[in-house]
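Dear colleague,

I am handing over the structure we discussed, with the sequence alongside.

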Amino acid sequence: MKRSHRINWRGYLFLAPATIYLTVFSVVPILLAGYMSLHRWHLLKPDRPYIGLDNYKALFANPFFINAIRNSFVYVLASVPLGVITALAVALLVVRPLRGVGVFRTLFYVPAVCSQVAMAMVWIWILMPEQGLINYAVGLMNEALAGLGLAHLGSIPTSTNFLNEPGWAMAALVVMSLWIGLGPRMIIFVAGLQSIPQQLYEAASLDGCTGRRRFWHITLPQLAPTTLFVTVTTTIAAFQLFTPVYMMTKGGPQRTTDVVLYHIYKEAWQKFELGMASAQSYVLLAMIVVIAAIQLWVLRRGLTTEEAR
Amino acid sequence: MIEATRRRNRYSANLLTYAVLVAIALMTVLPFVWMFFTSLHERNAQLPTMGNLFTPEGWHFENYLYVLTFGELPVWRFAVNSVIVTAGVVVFQLVLCSLAAYGFARLRFPGRDLIFLAFLLTMMVPAQVLIVPLFALVHNLRWLDSYWGLIIPYPYLSTAFGTFLLRQFFLTVPRSLDDAARLDGCGDAGILWHVILPSSKPALATVGAFAFIWTWTDFYWPLLASSSTTMRTLEVGLSVFSDAYGGTRWPLQMSAAVIVLVPALLFFLIMQRFFVRGIARTGLKG
């Protein structure tokens with residue numbers, strides 16, 4: 001029919017609601033954040049003088065904000081590689097044509113659709129001293145060792161308060177992120193694995209390429225776009241860590257889990273410095289964009305050299 | 001001989017796979033099991049350990065009733081708010097996205113592809129970065145602490161994601177159906193309503209399913225957009241609940257947590273294929 005080739009001005013009518021919506025609630029806020037970041041903008045004070053780049057100068061001179069950036073990087077550098085590798089490993093297991101494997105896929109996804117607040121409450125219990133799951137398991141292990149007559153090896157303390165020890169609190173948040181984020185990342189990998197052409201494996205086995213070498217020479221290179229996608233989205237999400245920190249550590253102990261978004265939250269809604277918080281949001285946005293761009297560049301380069309080989 | 005060895009190898013490999021999967025499954029399930037059984041202990045009881053978790057002194061199902069009605073916080077009200085906000089967001093998003101997706105998939109007009117690109121670009125901006133200016137905006141609209149503020153500016157929900165997914169699906173609906181409807185006197189709105197939407201139920205379910213879970217479990221925005229106790233959603237109410245008891249009365253805290261979890265879990269189990277489809281199609285995280 002010719003009709004579909006004519007210009008249909010009603011198209012704008014169909015796009016209008018969503019376009020206006022996105023403009024008002026996505027584009028305007030981005031610009032507004034930039035505007036606010038150039039002003040001393042206190043939520044409760046009516047005068048909001050223009051101060052140029054003073055907020056940016058102040059935040060880079062603020063050791064607590066620098067500390068928050070460092071904490072975010074520690075969290076990202078630990079949770080993203082571990083998260084991607086465990087998800088790939090589990091995906092390789094649940095992609096095998098075994099009976100009942102679908103049940104496992106569904107099950108592993110469950111924590112991701114659950115209330116983050118409820119998950120944080122459960123993890124507070126898991127990490128508690130003495131009664132918590134981990135310390136309880138350690139206690140059982142101690143008893144087992146003693147029962148085997150190995151008590152002289154000493155026992156591991158069961159009083160570790162993981163969320164209150166500067167070394168452990170961040171590690172605990174990383175482990176929790178693996179537990180919560182496994183499902184969605186795994187499902188993306190499963191979809192990636194299923195789209196690898198079977199002929200590649202058949203051709204490889206004719207060439208005598210099997211087992212581990214198959215994984216390194218076929219699966220991994222073929223999976224590169226999926227890995228890239230999972231890595232970038234996981235990184236962006238990891239920079240936005242908030243709920244577990246809010247619920248479990250409040251940035252402590254000794255500011256070791258005070259990540260950027262939580263720092264922004266305190267700046268905006270405890271000190272009401274919305275201008276400063278906007279400047280910090282822009283820094284966070286810039287960090288995310290730069291890191292994502294570097295990842296795209298590095299991983300894509302890795303992908304093309306792999307193909308050239 | 002070789003065939004027998006190979007079969008034995010494969011058998012033991014399968015066994016190993018199952019062993020690892022069962023171990024991970026236990027790690028996934030155990031916290032939920034603990035949550036449920038803790039919620040049934042006497043409401044002022046000590047925090048149960050793994051030792052007495054399954055053997056409380058009596059099963060206290062009335063904890064749920066207590067939390068819902070007689071508790072210090074109106075959990076039933078939080079639940080009503082969550083239902084209103086979630087339903088509002090799902091309907092609002094489905095309407096916006098289907099209209100835009102129809103425009104992108106079926107109509108030709110100048111600048112269409114450019115606008116589509118702009119839509120996709122808004123997906124790249126992390127929602128959390130928008131929170132501060134969005135708060136200022138909603139504050140100026142006098143929408144704070146109202147359903148308007150909780151539903152309309154929903155920052156986590158990417159309208160662009162829904163539009164993209166629906167557009168891809170609309171493109172697969174045969175155009176001959178449009179033409180038949182046009183001969184019957186349907187306009188564009190009629191074609192969308194009578195032809196495209198009925199044939200796109202799986203795609204609509206996928207967009208709706210993600211909107212539901214994102215809204216139901218969102219914490220940051222409703223935490224800021226609501227201030228009075230009666231406007232809290234379940235997710236925010238749950239955090240207030242845990243603060244109110246300051247790490248004590250775990251059975252009640254866990255009853256509240258179960259009340260928050262069950263609707264989302266049931267919804268996920270019923271709709272799971274749509275989640276998997278959405279992720280596989282767009283590679284989007286849940």
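Chain B is built from 13 helices and has zero strands, so that its elements, read from the N terminus on, run α-α-α-α-α-α-α-α-α-α-α-α-α. Please bear in mind throughout that this is a predicted model.

As to overall dimensions, the C-alpha atoms of chain B fill a box of roughly 80 × 70 × 35 Å along the principal axes. The radius of gyration of chain B is 24 Å, whereas a compact globule of 286 residues would have one near 19 Å. Of the 286 residues in chain B, 44% count as buried, and of the contacts in this chain between residues at least 6 apart in sequence, 73% join residues at least 24 apart.

Two packed helices are described by the angle between their axes and the distance between the axes. For helix H3 (residues 75-106) of chain B and helix H7 (residues 159-171) of chain B, the axes come within 8 Å and cross at roughly 50°. An angle of that size lies between the 35 degrees under which helices count as roughly parallel and the 65 degrees at which roughly perpendicular begins, and H3(B) and H7(B) are therefore oblique to each other. The crossing in which H3(B) passes H7(B) is right-handed.

The residues that H3(B) brings to this contact include Leu96(B), Cys97(B), Tyr102(B), Phe104(B) and Arg106(B), while those on the side of H7(B) include Gly162(B), Leu166(B), Arg167(B) and Phe170(B). By class, the residues of the contact of H3(B) with H7(B) divide into ten nonpolar, five polar and two charged.

Turning to the contact between the chains, 67 residues are taken from chain B and 70 residues from chain A. On the side of chain B that touches chain A, helix H13 (residues 250-282) of chain B gives the most, with eleven residues. That side of chain B has 44 nonpolar, 16 polar and seven charged residues.

Finally, there is one helix in chain A that I would point out. Eight of the ten residues of helix H12 (residues 260-269) of chain A are buried, so this helix is largely enclosed by the rest of the structure. The buried residues of H12(A) are Val260(A), Leu261(A), Tyr262(A), His263(A), Ile264(A), Tyr265(A), Glu267(A) and Ala268(A).

With kind regards

Methods:
Residues numbered from 1 in each chain as written. Chains lettered and ligands numbered in written order. Predicted model: local features only at pLDDT ≥ 70, side-chain atom pairs only at ≥ 80, totals over all residues. Helix = DSSP H or I, 4+ residues; strand = E, 2+ residues; numbered from the N terminus. Rg over C-alpha atoms; globule rule 2.2 N^0.38 Å. Buried ≥ 20, exposed ≤ 12 C-beta atoms within 10 Å, placed from the backbone. Contact = placed C-beta atoms within 7 Å. Axes fitted to C-alpha atoms, helices over the stretch in contact; angles between N-to-C directions. Parallel < 35°, antiparallel > 145°, perpendicular 65-115°, else oblique. Left-handed = near helix turned anticlockwise from the far one by under 90°. Nonpolar A, V, L, I, M, F, W, Y, C, P; charged D, E, K, R; others polar.
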